[in-house]
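Trainee: I am new to this structure and would be grateful for a close look at a single helix and its surroundings. Would you please take me through one in a connected way?

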Amino acid sequence: MSLDSTIEVPLMTRGNNPAIFLDRDGVIIADKHFQINPDDIEFIFGSLDALKRVPLGYVIVSISNQSGVARGLFCERDVIVFNDALDSRLRSFGINIAGWYFCPHGPDDNCPCRKPAPGMIFQAADDLSIDLDRSWLIGDKSSDISAGNKAGVTTILVRTGYAGIEEEKVDVRPDFVADNLYGAIEIVIRGKQT
Ligand SMILES: [Zn+2]
């Protein structure tokens, strides 16, 4: 596990729950740049079926950079409304997301939460008693994978969304690569020994 020198790692008691950390845009739903209207929610093919297959006992957590707040395009309340609408849609399919975390800051704010920083993962681990050693992160950007690597979780890059080649790409290596969320959950089900 490597850590940026700027990141303060909170001292945590080790939680009991394994988690799956999911990026939102480009993994669960189509990435429509700075989207904020719940009417624009469009599930990526297979993502609902994938989330229905998450093994019992895993806590599912969404972690999302929402710099549209810092850029003045929308406010934090709008993000919460959007996430609540998405949460309702998922619950109607029997899918329960335990936490919706987002970073409202911009690239120049040097906050501890904007991915590739791992702050949202540590915050969720603290809030939800998560055992990071047994947890996974699934994302479509190299910044997702970098955050997961810093937090010591097993990382899976999916080829939906940006497929790891966004602007300002960081040099990282995921533990696994999958075509989409469905394939990623298959890897979780098979376990770390694959
Ligand atoms: Zn932040």
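Mentor: Two residues count as being in contact if their C-beta atoms, placed from the backbone, lie within 7 Å. The model is a predicted one, with a mean pLDDT of 91 for the protein. Over residues 1–5, however, the pLDDT is below 50. Where pLDDT is low, the predicted coordinates should not be read in detail.

Let us consider helix α4, which spans residues 142–151. Because 10 of its 10 residues are buried, α4 is largely enclosed by the rest of the structure. After α4 comes G152, with a positive phi near 80 degrees.

Strands β1, β4 and β5 belong to an open sheet of 6 strands, ordered β3-β2-β1-β4-β5-β6, with parallel pairing. Its edge strands, β3 (99–103) and β6 (176–178), each pair on one side only. Between β4 and β5 there are 4 bridges, and G139 has L157 of β5 as its bridge partner.

Helix α3 lies across β1, β2 (59–65) and β3, and runs at about 150 degrees to β3. The largest nonpolar core has 40 residues, and I121 is among those with the most contacts inside it. Helix α3 (residues 119–128) supplies the largest share of this core, 5 residues.

Notes
Residues are numbered from 1 along each chain as its sequence is written. This is a predicted model: local features need pLDDT of at least 70, side-chain atom pairs count only at pLDDT 80 or more; totals for chains, interfaces and linings use all residues. A nonpolar core is a set of buried Ala, Val, Leu, Ile, Met, Phe, Trp, Tyr and Cys residues joined through C-beta atoms within 7 Å. A residue is buried if 20 or more other C-beta atoms lie within 10 Å of its own, exposed if 12 or fewer, and partly exposed in between; C-beta atoms are placed from the backbone. Helices (H or I, at least four residues) and strands (E, at least two) are DSSP runs, numbered from the N terminus. pLDDT is the predictor's confidence in each residue, from 0 to 100. Two strands pair if DSSP finds at least two bridges between them. Axes are lines fitted to C-alpha atoms, for helices over the stretch in contact, and angles run from 0 to 180 degrees between N-to-C directions.
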